[in-house]
Amino acid sequence: MKKATVLFLSAALLGAAPAFAGGTVEGTVNAGGSLAYSSTTVAGSEFDLDLHGGFYFLDSVLVGGNFYVQKNDAVKAWELTTAGRFHFLDPWLTDEGGAAASFSPYVGLRVGWAAGDNKADDDTGAVAALRLGTDFFITENIAVDFYVDAAAATGDVYADKAKMKSSNVRVHLGVDLFF
């Protein structure tokens, strides 16, 4: 899992193009995500992908969407949600226009639909989630994103070893790009 995360971070940092806006300033577009793979989980190999994006329609306030996929040898699950995020501190929202800090903590909410399948049973349901995280800005346009995401669904849609459950807590390390 560590190798996949390092490879994803490296590729995202090297492939990032120059951007027009940065940080969480009004008018900025955000795209990011995390990718993890492990061949030694309890349920065999596991793949985890979390992609998100949105638009800052006000300083520090993002609206957008989120797509998440989890698959191991026994279970697969996905969710598609609308998302909102509020940053408590933006490094580029200062009177001088320069960076005031490298960290930008945030809280996010997601609402949408999820589905899960473990070959013996499948289920779908509405999902609501709370995300707490922080962006650590490397440059004005690139940030390392660390977050904890806690989701609850109306159905048993998340992988738990070889069975399904209706809630999921995950910790992710990824990259956010700001254009």
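How much space lies in the largest cavity? About 100 Å³. A cavity here is a set of points, on a 1 Å grid over the protein atoms alone, where a 1.4 Å probe fits but cannot get out; lining residues have an atom within 4 Å of a point. Grid points are joined across faces, edges and corners, and the volume is the space filled by probe spheres set on them. With a threshold of 30 Å³ or more, the count is one cavity.

Before going on: this is a predicted model, where local features need pLDDT of at least 70 and side-chain atom pairs pLDDT 80 or more, while totals for chains, interfaces and linings use all residues. Residues are numbered from 1 along each chain as its sequence is written, and side-chain values use heavy atoms, without hydrogens and water.

Back to the largest cavity: 14 residues line it, and closest to its centre are H52, A83, G84, R85 and R131. Two or more lining residues come from each of β2 (44-58), β3 (61-72), β4 (76-87) and β5 (103-117), and β5 gives the most, with four. Strands are DSSP runs of E, at least two residues, numbered from the N terminus. By class the lining has four nonpolar, seven polar and three charged residues, where Asp, Glu, Lys and Arg count as charged, Ala, Val, Leu, Ile, Met, Phe, Trp, Tyr, Cys and Pro as nonpolar, and the others, Gly among them, as polar.

Now the pairing, which requires at least two DSSP bridges between two strands. β6 (residues 122-137) and β7 (residues 142-153) run antiparallel, joined by 11 bridges, and a hairpin of four residues connects them. G133 has Y147 in β7 as its bridge partner. β7 is also joined to β10 (residues 167-178), antiparallel, by 11 bridges; there A150 stands opposite V169 in β10.

Key. On a 1 Å grid over the protein atoms alone, a cavity is a set of points where a 1.4 Å probe fits but cannot get out, and a pocket is an open set with protein on both sides within 12 Å along at least five of seven lines; lining residues have an atom within 4 Å of a point.
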